[in-house]
Amino acid sequence: MRPTLPASSTLLPAVSAGIVAVGVTINTGFPAAVRTVPAVLLIAAGLFGVARSVRGRSVDSLRRTARRWWMLAFVAFLPYGLATAPSNEQAAAVGEAFSGSLATTALEGIAGAAILCAVAVTVLYWFARYGIHPGRPTPEERILDDQGSK
């Protein structure tokens, strides 16, 4: 049996989110003088890939995608929150499984990437909802059309 690759619609956001996670991880793991430029470049490249993967979608599809990214961000943040800020003994016991600098850094990278991707897709949804979307009239054209029809 020949292995199949995932569809490009799922591969591009996954790879792009991974690039964002690497950028977030670099930003937290190295000294400030070394980390800033590579981290910003990786985060920008990853967010560009996420935005490119959703650029041709309708407004409703963007809303659903933004909602999914926010759910993913919430789920990705839970282990990071348990590992870094347990408030009681039970949470501390669960957080012990994720303790350690490498695990904490990886969890921070994943949670940070999910939140950044969710923000990027949400901003694209707001732009599309306002009317700045490929294939739709610009806000200025809509205003002129409304005035012309009255």
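User: Which residues does Trp-70 touch, not counting residues up to four places away in sequence?

Analyst: This is a predicted model, and a contact list is read as the residues with heavy atoms within 4.5 Å. Trp-70 touches Ile-115, Ala-118, Val-119 and Thr-122 once residues up to four places away in sequence are left out. Trp-70 itself lies in helix α3, residues 59-84.

User: What polar contact does the side chain of Trp-70 make?

Analyst: A polar contact is a pair of N or O atoms within 3.5 Å. Here the side chain of Trp-70 pairs with the side chain of Thr-122 at 2.6 Å.

User: Is Trp-70 buried, exposed or partly exposed?

Analyst: The cut-offs are under 20% relative accessible area for buried and over 50% for exposed, with partly exposed in between. Trp-70 has 38%, so this residue is partly exposed. As for distance along the chain, Trp-70 and Leu-116 are 46 residues apart, while their C-alpha atoms are separated by 9.7 Å.

User: How do the axes of α3 and α5 cross?

Analyst: Crossing angles over 145 degrees count as roughly antiparallel. The axes of α3 and α5 come within 8 Å and cross at roughly 160°, so the two helices are roughly antiparallel to each other. The contact of α3 with α5 has 24 nonpolar, 4 polar and 3 charged residues. The handedness is given separately: α3 passes α5 in a left-handed crossing.

User: And where does α2 stand relative to α5?

Analyst: Helix α2 spans residues 32-53 and helix α5 residues 101-130; their axes come within 10 Å and cross at roughly 45°. That is why α2 is oblique to α5. In this pair the crossing is right-handed.

User: Which residues of α2 and α5 meet?

Analyst: From α2 come Ile-43, Leu-47, Val-50 and Ala-51, and from α5 come Leu-116, Cys-117, Ala-120, Val-121 and Leu-124. By class, the residues of this contact are 9 nonpolar, no polar and no charged.

User: What does the side chain of Ser-53 reach?

Analyst: A side chain can pair with a backbone atom as well as with another side chain. The side chain of Ser-53 reaches the backbone oxygen of Val-50 at 2.7 Å. Leaving aside neighbours within four places in sequence, Ser-53 is also in contact with Leu-12 and Pro-13.

Note on methods: Residues numbered from 1 in each chain as written. Predicted model: local features only at pLDDT ≥ 70, side-chain atom pairs only at ≥ 80, totals over all residues. Heavy atoms only, no water. Axes fitted to C-alpha atoms, helices over the stretch in contact; angles between N-to-C directions. Helix = DSSP H or I, 4+ residues; strand = E, 2+ residues; numbered from the N terminus. Parallel < 35°, antiparallel > 145°, perpendicular 65-115°, else oblique. Left-handed = near helix turned anticlockwise from the far one by under 90°. Nonpolar A, V, L, I, M, F, W, Y, C, P; charged D, E, K, R; others polar. Buried < 20%, exposed > 50% of the residue type's maximum accessible area, 1.4 Å probe, protein only. Polar contact = N/O pair within 3.5 Å; in protein donor to acceptor, adjacent residues only side chain to side chain.
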